[in-house]
Amino acid sequence: MREQRTIWQQVDWVVVAIYGLFVLLGWLNIYAADYDEELQASIFSLTVNSGKQFLWIITAMLIIIVIMTIDFRIYDSLAYVFYGIILFLLVLVIFAGTKVAGSTSWFSIGGFRIQPSEFAKFVTCLALAKYMSKVNYKITKPDNLIVTAAIIGIPALLIIIQGDTGTALVFGALAIVLYREGFNQSIFIIGIVAITLFFLTLIFAQTPLIIGIVSLAVLLMLVAFFTMRRGKWRRILTILIGMLIVIAVVKSVDYFVTDVLKPHQQNRIKALVNPEADPKGYGWNVIQSKIAIGSGGFFGKGFLNGTQTKFDFVPAQNTDFIFCTLGEEQGWLGTTLVISLFVVLILRLIRIAERQKEKFARIYGYSVASIIFFHFMVNVGMTIGLFPVIGIPLPLFSYGGSSLWSFTILIFILVKIDSHRMQVLVR
């Protein structure tokens, strides 16, 4: 009994409190997004999404009880078993799943749908933590790095085959974990530069962009020639090669966008760069989303008073674009509060990860923080036009049982492991 009391005292109640607040706010916003003055259905009615979400919330509470009750060592010992099961389900859903919004990612069971790719997130985090915490693991070893990339890449590839590229991109957030565990920093810098070049090429014409690149390279070579006494020719050669690579990247972007990406993916890029070019077509979602958020002003229009919401100007109002409902009805004040709470949650998760004695727990903690950070950053960013619309939910806010269950399991496995941080995992 004393041990049980000690464990409950070790629970991070800040994370638990933020989780509960987000679930409550999400539920209220789902009700607001679908509210119809003529029907005036109860928030608990199963005829509306808020009533269905309430059932998912109840089942999520049961999941929390199970997670907090069973032995915390199971997450380490059975990580590969869970991973194998989820890979099987990801393959099975391709052949036996239901197609929704262009993606064959769902199992239909009665009146409900389950999305295995949502559960693949926490399972992949467990498998990654299990492998990277093994004795003698070094991320700089080629064989270790290949297996690490496979653990992350295989479920992502299967999800891409299902047609859900947005969810697959979430697995890229686990690169943050690799960075924390000592992966080469230069690789991340190259990745950031490549992404920046990609968007600069979309925004600006190629000719002036290439002229700018060449001018900068020439300037750097001149500086190297007149200021360096030793190794200047090597530096100049490096700059020259870098310039040629950058120009090649710029020239290849147009081919990638027009010949590699599918039409709907091209439209998402176009909507990010210039949504006003087709305000009634590919730019509609982003434009209406910004109008809805901006119309809320400082204090918002009030709960259930969002006109953009009520007239369905923004598609997927209760899922991918639920942040619009929050912005319109609660205004700048409400959105700032929610964003601030997300920042607090992510920083708290990082703190939890850093205080772990076990490498498995630390890696899993950073995985959780990375996944939630990516979802939050991209979901909010796409509603205000900073990121392409890739269709991923806002954690604990968006409607959907699979998403709610997934984030609940993701967070509370960490809460459970953290509550035993003074103990040692037995392998």
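With a relative accessibility of 2%, K121 counts as buried, where buried means under 20% relative accessible area, exposed over 50% and partly exposed in between (1.4 Å probe, protein chains only). The model is predicted, and local features need pLDDT of at least 70, side-chain atom pairs count only at pLDDT 80 or more, and totals for chains, interfaces and linings use all residues. Residues are numbered from 1 along each chain as its sequence is written, and side-chain values use heavy atoms, with hydrogens and water left out.

K121 sits in helix α6; helices (H or I, at least four residues) and strands (E, at least two) are DSSP runs, numbered from the N terminus. Leaving aside neighbours within four places in sequence, K121 is in contact (heavy atoms within 4.5 Å) with T167, V170, F171, I371, H375 and S406. Helix α6 spans residues 116-132 and also holds L126. L126 counts as buried, at 0% relative accessibility. Residues up to four places away in sequence apart, L126 touches Y75, A79, F82, F360, Y364 and I413. Between L126 and F374, 248 residues apart along the chain, the C-alpha atoms are separated by 18 Å.

We can turn next to helix pairs. Two packed helices are described by the angle between their axes and the distance between the axes. Axes here are lines fitted to C-alpha atoms, for helices over the stretch in contact, and angles run from 0 to 180 degrees between N-to-C directions. The axes of helix α16 (residues 322-354) and helix α17 (residues 359-383) come within 9 Å and cross at roughly 160°. This makes α16 roughly antiparallel to α17; angles under 35 degrees count as roughly parallel, over 145 as roughly antiparallel, 65 to 115 as roughly perpendicular and the rest as oblique. The crossing of α16 and α17 is left-handed, meaning that the near helix is turned anticlockwise from the far one by less than a right angle, with clockwise giving a right-handed crossing. The residues of this contact divide into 16 nonpolar, three polar and two charged. Ala, Val, Leu, Ile, Met, Phe, Trp, Tyr, Cys and Pro count as nonpolar, Asp, Glu, Lys and Arg as charged, and the others, Gly among them, as polar. Among the α16 residues that meet α17 are F342, L345 and I346, and the α17 side includes V368, I372 and F376.

For helix α2 (residues 13-34) and helix α3 (residues 49-69), the axes come within 9 Å and cross at roughly 165°. That makes α2 roughly antiparallel to α3, and their crossing is right-handed. The contact of α2 with α3 comprises ten nonpolar, three polar and one charged residue. On the α2 side, Y19, V23, W27, I30, Y31 and D34 take part, meeting α3 residues that include Q53, F54 and I57.

The model also contains an open sheet of three strands in the order β1-β2-β3, with antiparallel pairing. At the edges stand β1 (98-100) and β3 (112-114), each with a single partner strand, so one side of each is left without a neighbour in the sheet. From one strand to the next, the twist averages 55°. Two strands pair if DSSP finds at least two bridges between them, and β1 pairs with β2 (residues 103-109) over three bridges in the antiparallel sense. V100 has S103 of β2 as its bridge partner.

Finally, G297 lies in the loop between α14 (284-295) and α15 (307-310). With a relative accessible area of 37%, G297 is partly exposed.
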